[in-house]
Amino acid sequence: MMMLSPFRGQFRVTQAYKPGTHNGMDLVGDEDKTVYAICDGYIGTSTIITDKSNKTWEWGNYVKLVSDNDDETDDGLLIYYCHLSKRLVSKGQKVKKGDPIGVMGNTGYSFGAHLHFEIRDRDNKVKAVINTPAVTNIPNKKGTYESEDEELMSKEYDELKAICDKQSKQIAEQQKEIAAIKAQNPIYNKLEDIPDWGRKSVEKAISRGYVKGSSESDLNLPETMVREIVILDRMGCLCK
């Protein structure tokens, strides 16, 4: 599974996922501060809570992306982008993988600009098999990582495909050449397949034991050898 990073290019994990105490991952984009949809879906929430009696205020500007039957995520996952300095989507909006969601920031209960990135199941729960590192394949430890550049991957794929196509063309040409050579020097496995001009000579060579194999199926005689047998027969070399 490829890494599903909300950032493009280099990013850092500054706080790992820890069940019960930190249910998401804190990430910092080093090259691009914009955060992107990791899958197709729709925006379930795009807001900021300022009422501190509501614990969600800690997320500041946040967006909830609901995944939509994607090859790389299960249907109905809830994907939270929190502490944004700016939200770039609205509730109900449909998005495609790679669409901009917002800009990393420092809103809510935050110390320094970063993205709190958290994934929950459709019941809004974090579970052993449904959590941020499990779904995204982002390493669950502090460090610097590089997100897969889909444009670069596509370019590399095109280059690899071009190489494979070239090799396939070369193989096809070689096979064509081999077929032409075989056509010029066919191999006869049965006596009945040998042209009239050489059949009697080969039959004589078989009866004398000069040619091995059954005249019915496995003579394996190239035409050049048949011609040599005919010459030997005409010279009287096949007589006992």
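**Notebook: strands, backbone angles and a surface patch**

The model I am reading is a predicted one.

Entry 1. I looked up how strand 9 is joined to its partner. Strand 9 covers residues 100–103 and runs antiparallel to strand 7, with two bridges joining them. I then traced the sheet as a whole. It is an open sheet of three strands in the order 3-9-7, and the pairing is antiparallel. Which strands form the edges? I noted strand 3 (34–36) and strand 7 (86–87), each of which pairs on one side only.

**Entry 2. H83.** Most residues other than glycine have a negative phi. I located H83 in strand 6, which spans residues 78–84. Is H83 buried or exposed? I recorded H83 as buried, because its relative accessibility is 6% and the cut-off for buried is under 20%.

**Entry 3. N220.** I found a positive phi at N220 also, near 55 degrees, again in a residue other than glycine. Where does N220 lie? I placed N220 in the loop that leads from helix 3 (196–207) to strand 13 (221–222).

**Entry 4. A nonpolar patch.** I turned to the surface and looked up which residues form a nonpolar patch there. The patch consists of I231, L232 and M235, and together these residues have about 300 Å² of accessible area. Of these, I examined L232, which belongs to helix 4 (residues 223–234). L232 has 37% relative accessibility and therefore counts as partly exposed, since that class lies between the limits of 20% and 50%.

**Entry 5. The whole chain.** The protein chain contains four helices and 13 strands. How much of the chain is buried? I noted that 37% of its 240 residues are buried. The accessible surface of the chain is about 14,500 Å², and carbon and sulfur atoms contribute 49% of that area. I also looked up the contacts between residues with a separation of 6 or more; 65% of these join residues 24 or more positions apart.

Methods
Residues numbered from 1 in each chain as written. Predicted model: local features only at pLDDT ≥ 70, side-chain atom pairs only at ≥ 80, totals over all residues. Heavy atoms only, no water. Pairing = 2+ DSSP bridges. Buried < 20%, exposed > 50% of the residue type's maximum accessible area, 1.4 Å probe, protein only. Patch = residues over 30% accessible without salt bridge, like charges linked within 9 Å, V, L, I, M, F, W, Y side chains within 5 Å. Areas by Shrake-Rupley, 256 points an atom, 1.4 Å probe, with all protein chains shown as cover. Salt bridge = Lys/Arg side-chain N within 4 Å of Asp/Glu carboxyl O. Contact = heavy atoms within 4.5 Å.
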